[in-house]
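I opened this structure for the first time and kept short notes as I went. The entries below follow the order in which I looked things up.

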Amino acid sequence: MPADLGTKLVSMRFGNEDAKTLAGYEKAGGYATLRKGLAMRPEDITAEVKTSNLRGRGGAGFATGVKWGFVPKDAKTVHLVVNADESEPGTCKDRELMYWDPHLLIEGMILSAHALKAVHNYIYIRGEMMREYLVLQHAVEEAYARGYLGKNVVGTGIECHITVHRGAGAYICGEETALLNSLEGLRGQPRLKPPFPAVKGLFGDPTIVNNVETIMNVPFIIDKGGAWYAGLGTGRSGGTHLLCVSGHVEKPGVFEVPMTMTFRQLIDEVCGGVWKGRKVKAVIPGGVSMPPLDDSELDVPIEFDALQNDERIKPVMVRPGQQFDLGGGRPLRTMAGSGGVVVLDDQCDIPKAVWRIMKFFAHESCGQCTPCREGTGWLEKVSRRVADGNGKPDDIELLSSIAHGIAGNTICALGDAAAWPMLGFITKFRGDFEAKLKKARAA
Amino acid sequence: MSLEFSADATKKIAALCERYPTKQPVVMAALHLGQKEFGQLSDDVLRLVARTLDLPYAHVYGVATFYTMYRREPSGVQTIRMCTNISCMLRGGYDVLAAFEQKLGVSVKTGGTTTNKQFTLIEEECIAACANAPCAVVGTKYYLDITPDQVGRIIAELEAQPHPESEVV
Ligand SMILES: Cc1cc2nc3c(=O)[nH]c(=O)nc-3n(C[C@H](O)[C@H](O)[C@H](O)COP(=O)(O)O)c2cc1C
Ligand code: SF4
Ligand code: FES
């Protein structure tokens with residue numbers, strides 16, 4: 001049965017202060033699925049997750065069950081690492097999830113670790129999230145005390161450990177290989193892939209890195225079945241998802257919604273419309289790394305495949321007449337990313353917003369690759385002078401060519417994450433940049 | 001001068017060493033603890049961390065200088081992390097930052113620490129509370145939907161009830 005606005009899974013305990021404690025979580029139905037899952041064979045759990053069409057909520061939307069299947073069958077030591085580094089601007093769901101429902105994450109991890117035969121597992125939590133760290137740490141201690149974690153989980157003979165590892169401020173540690181380096185006590189710089197973490201990850205062992213929200217969905221899948229979960233969604237995207245809506249709407253918030261919901265419905269029906277009676281100018285669909293949409297593109301469902309393929313979304317251009325090529329001539333429209341929906345109203349200063357995004361990437365580049373290190377710095381500098389009204393006549397072309405020079409030429413996807421929105425904003429809001437340059441010439 | 005960790009920190013580090021196959025991953029927690037106990041990560045603190053975990057000094061130095069929360073310089077008792085990233089900027093985040101600068105008499109560009117060393121103001125990137133923009137976090141305390149006229153009250157509240165980051169480690 002498809003989900004509707006009343007379908008709440010991972011957000012069902014939001015606002016329930018009690019559920020943070022083990023006793024409260026158990027009272028609200030928590031840990032009921034654990035015994036059922038631990039009695040299943042690991043490969044059967046993975047099969048359920050495959051059937052469920054659960055897709056990663058960390059940014060790339062990769063099918064979770066398929067990813068789990070990449071762990072070599074003969075692997076001796078495997079790790080599950082939960083990515084709780086949430087720092088993609090516009091994204092504020094994982095922090096909320098961990099704060100309200102830490103035991104759901106733990107239950108999801110125990111079930112997932114059983115599927116992966118992973119014993120030593122980690123939650124990498126962003127350093128600035130001190131309140132959530134304390135909540136999680138407390139929950140982990142409770143789970144150990146009650147026998148949900150340890151050498152013999154609820155008497156099943158299964159061993160499962162969770163260690164909460166605090167970061168110390170670095171957006172790049174959200175990238176999974178940078179995260180693994182950071183977990184190993186190194187500088188958080190991304191590794192070259194391949195090898196992929198599922199084959200050679202933490203401490204050289206096969207490792208699955210999953211987002212907080214992804215793992216929190218697993219107990220529901222084990223409880224009610226993969227087919228049920230797939231049925232909540234649409235196409236190849238199972239379940240519901242959390243969207244974080246911020247910016248110029250009347251009622252911003254974190255909402256669990258069906259995969260079929262469109263941006264227009266989200267803004268008008270869930271968020272009370274654009275604030276101050278204004279109209280939409282642009283929508284960032286899934287964190288600032290993703291190319292924006294304009295007002296004519298908002299009737300597309302906020303779903304992984306639709307955002308990549310729906311022809312109502314115009315392709316991102318490198319320059320007028322030349323489409324950006326994702327490889328093999330595939331156009332780049334946009335992607336669902338991290339669920340961070342940012343609404344910009346019709347009075348918004350687009351070049352200034354773009355400058356703020358570029359400032360972020362320039363600050364967060366880890367500096368390993370020249371195109372990213374130098375390129376993001378230039379994007380920040382040039383977009384700043386355009387925004388300030390001091391742009392030079394060729395600056396739009398300059399920004400496009402810098403961005404195009406970064407995209408696809410770096411070790412990790414941070415380079416693309418800076419380049420794509422730059423090109424996307426120029427593609428769809430060129431007039432706003434031209435107006436700034438015209439003003440600069442007049443001055 | 002050779003520094004030592006407190007008994008409590010030593011115990012915490014020893015317990016953490018049990019959670020990983022080697023001691024190296026504990027470097028991040030040890031640096032957090034060092035910063036808590038000594039206020040900043042001076043060369044001596046880095047040496048202490050290196051000695052405690054049997055790591056080369058250069059390794060510890062490399063880690064300490066990579067992450068923005070580790071501080072090589074002294075700072076205020078409380079750190080106000082004010083977000084100005086996209087969602088906060090769209091709803092007046094820079095005005096709130098300016099109000100903090102004005103009330104505290106500091107500039108984020110020149111370090112942001114008050115003369116009485118009570119506060120350090122930082123222009124922070126997205127703190128994952130975008131739906132309540134503009135927002136700031138001070139230790140474990142979030143301030144949400146801030147308007148510039150609330151800033152004076154927030155500072156007074158923090159003076160009465162401090163939220164130092166060190167309460168976490
Ligand atoms: C620069 C960069 C930052 C990222 N930050 C995060 C993050 O904060 N949280 C997250 O879950 N994934 C983040 N990702 C995606 C991860 O690399 C990884 O794909 C994800 O954690 C996998 O989990 P999933 O399959 O459950 O989505 C980031 C990726 C890049 C390139
Ligand atoms: S793309 Fe940027 S962030 Fe990623 S590894 Fe290269 S320099 Fe570092
Ligand atoms: S942009 Fe300010 S909290 Fe996310």
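**Conventions.** I am working with a predicted model, in which local features need pLDDT of at least 70, side-chain atom pairs count only at pLDDT 80 or more, and totals for chains, interfaces and linings use all residues. Residues are numbered from 1 along each chain as its sequence is written, chains are lettered from A and ligands numbered from 1 in the order in which they are written, and side-chain values use heavy atoms, with hydrogens and water left out.

**Chain B overall.** I looked up the secondary structure of chain B and found 7 helices and 4 strands. Helices (H or I, at least four residues) and strands (E, at least two) are DSSP runs, numbered from the N terminus. Read from the N terminus, the order of elements in chain B is α-α-α-α-β-α-α-β-β-β-α. The C-alpha trace of chain B spans about 50 × 30 × 25 Å along its principal axes. Chain B has 169 residues, and 53% of them count as buried. Buried means under 20% relative accessible area, exposed over 50%, and partly exposed in between (1.4 Å probe, protein chains only). I also checked contacts, meaning heavy atoms within 4.5 Å. Among those in chain B between residues at least 6 apart in sequence, 62% join residues at least 24 apart.

**Helices α2 and α3 of chain B.** Two packed helices are described by the angle between their axes and the distance between the axes. Axes are lines fitted to C-alpha atoms, for helices over the stretch in contact, and angles run from 0 to 180 degrees between N-to-C directions. For α2(B) (residues 27-38) and α3(B) (residues 43-53), the axes come within 10 Å and cross at roughly 140°. The two helices α2(B) and α3(B) are therefore oblique to each other. Angles under 35 degrees count as roughly parallel, over 145 as roughly antiparallel, 65 to 115 as roughly perpendicular and the rest as oblique. On the α2(B) side I found B:Val27, B:Ala30, B:Leu31, B:Gly34 and B:Phe38, and on the α3(B) side B:Val45, B:Leu46, B:Leu48, B:Val49 and B:Leu53. By class, this contact of α2(B) with α3(B) has 9 nonpolar, 1 polar and no charged residues. Ala, Val, Leu, Ile, Met, Phe, Trp, Tyr, Cys and Pro count as nonpolar, Asp, Glu, Lys and Arg as charged, and the others, Gly among them, as polar.

**Helices α14 and α17 of chain A.** The axes of α14(A) (residues 350-364) and α17(A) (residues 414-442) come within 9 Å and cross at roughly 160°. That makes α14(A) roughly antiparallel to α17(A). Residues that meet here include A:Phe361 and A:Glu364 in α14(A), and A:Leu414 and A:Lys436 in α17(A). I noted 14 nonpolar, no polar and 3 charged residues in the contact of α14(A) with α17(A).

**A:Glu364.** Is A:Glu364 buried or exposed? A:Glu364 is buried, with a relative accessible area of 11%. Beyond four places in sequence, A:Glu364 is in contact with A:Ala170, A:Tyr171, A:Ile172, A:Leu414 and B:Glu125.

**A:Asn210.** I found A:Asn210 in strand β4 (residues 207-211) of chain A. A:Asn210 counts as buried at 3% relative accessibility.
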